[in-house]
Amino acid sequence: MDTSCPTADVMLVCRNGHVITERLHGCPDQALRHCDRCGADTLSACPTCGQQFPGAVAWPGPLPIGRPQPPLYCAQCGAALPWAPRPRPAADPLAALETLLRRLPLVVRQLRSRQGDRPPFRVEDEHDLEDLLRALLAVPFDDIRPEGRTPAYTPGRRTDFLLDRGALAVTVKCVRAAGDEPRLAAELAQDAAYYQARPTCRTLVCFLYDPEGRLPDPRRLEAAWSRQHDDLDVRCVSA
Ligand SMILES: [Zn+2]
Ligand SMILES: [Zn+2]
């Protein structure tokens with residue numbers, strides 16, 4: 001008795017996700033170059049890695065009923081296939097970013113309480129904050145480009161993020177002590193100068209992470225520091 005796994009045939013799908021055949025090899029006469037429902041090109045393998053789409057399995061018994069569904073993601077490389085639904089880009093990127101930033105301290109607090117005796121996730125400095133932000137930005141944004149730079153105000157490297165095809169930049173800062181405003185203002189001026197030199201960047205959002213409430217009047221500070229720097233619109237968000 002043959003106990004090996006039955007081999008699958010190959011599926012042919014149009015670029016809009018209509019399955020042409022699940023038996024490309026078994027029934028080569030069903031191979032169409034264009035979809036007979038929508039006219040789109042057909043393909044039988046992942047455009048990214050070339051892995052063929054698994055088709056019907058030669059299995060004894062009656063054939064399954066109903067139209068087969070194409071895979072949404074390549075099982076080999078994980079790429080989204082052309083017919084996979086794309087996440088809709090945020091309608092108002094700036095509003096989406098501001099909402100996310102204002103809720104970030106809440107997320108950080110939630111990450112501290114873990115199940116059982118697992119160690120809490122902690123945000124101790126700008127690097128922790130950048131890593132958390134990078135992960136959270138993937139929820140509302142498709143295109144997130146990390147912008148590594150070494151500003152004069154820190155010996156270490158900072159990672160900002162460019163969103164909305166580079167039109168929107170976000171940088172983060174931790175408020176470390178009461179009376180930190182002069183340092184933050186000086187850093188913000190350098191950040192603004194850096195992004196003013198980027199012609200695609202129209203808005204810079206500076207996030208001041210202040211979970212201890214060290215800024216005396218954060219709303220007044222936000223209003224004072226949110227202004228035009230030549231062509232660059234700088235917005236300050238404190239939370
Ligand atoms: Zn089609
Ligand atoms: Zn692939």
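Predicted model: local features only at pLDDT ≥ 70, side-chain atom pairs only at ≥ 80, totals over all residues.
1. Buried means under 20% relative accessible area, exposed means over 50%, and partly exposed is what lies in between, using a 1.4 Å probe and protein chains only.

2. Residues are numbered from 1 along each chain as its sequence is written, chains are lettered from A and ligands numbered from 1 in the order in which they are written, and side-chain values use heavy atoms, with hydrogens and water left out.

3. On to the zinc ion (ligand 1), which is coordinated by Cys14 (SG), His18 (ND1), Cys35 (SG) and Cys38 (SG) at 2.0 to 2.3 Å. Donors here are N, O and S atoms within 2.8 Å of the metal (3.2 Å for Na, K and Ca); water is not among the atoms, so sites may look incomplete. The angles among the 4 donor atoms run from 103 to 114°, and the site is tetrahedral, a label that requires four donors with all angles between 85 and 135 degrees. Along the chain the donors follow C-x3-H-x16-C-x2-C. His18 in the loop between β2 and β3 and Cys35 in the loop between β3 and β4 are 17 residues apart, so this pair links distant parts of the chain. Helices (H or I, at least four residues) and strands (E, at least two) are DSSP runs, numbered from the N terminus.

4. The strands around that site form an open sheet of 3, in the order β3-β2-β4, with antiparallel pairing. Two strands pair if DSSP finds at least two bridges between them. β3 (19-21) and β4 are the edge strands, each pairing on one side only. Strand β2 (residues 12-14) is joined to β4 by 2 bridges, and the bridge partner of Cys14 in β4 is Thr42.

5. Cys46 counts as buried at 3% relative accessibility, while Cys77 counts as partly exposed at 38%.

6. Now the inside. The largest nonpolar core has 21 residues, and Leu97, Leu101, Leu133, Leu137, Val170, Val205 and Phe207 have the most contacts inside it. (Such a core is a set of buried Ala, Val, Leu, Ile, Met, Phe, Trp, Tyr and Cys residues joined through side-chain atoms within 4.5 Å.) Helix α1 gives the most to this core, with 6 residues.

7. What about Asp160: buried or exposed? At 1% relative accessibility, Asp160 counts as buried, and its place is in strand β7. Its side chain makes polar contacts with the side chains of Arg149 at 2.6 Å and Thr171 at 2.7 Å. A polar contact is a pair of N or O atoms within 3.5 Å; within protein, one must be able to donate a hydrogen and the other to accept it, and residues adjacent in sequence count only if both atoms are side-chain atoms.

8. Last one: Ser238 lies in strand β11 (residues 232-238) and counts as buried at 4% relative accessibility.

Definitions and conventions. Tetrahedral: all angles 85-135°; square planar, octahedral: opposite > 155°, others 65-115°.
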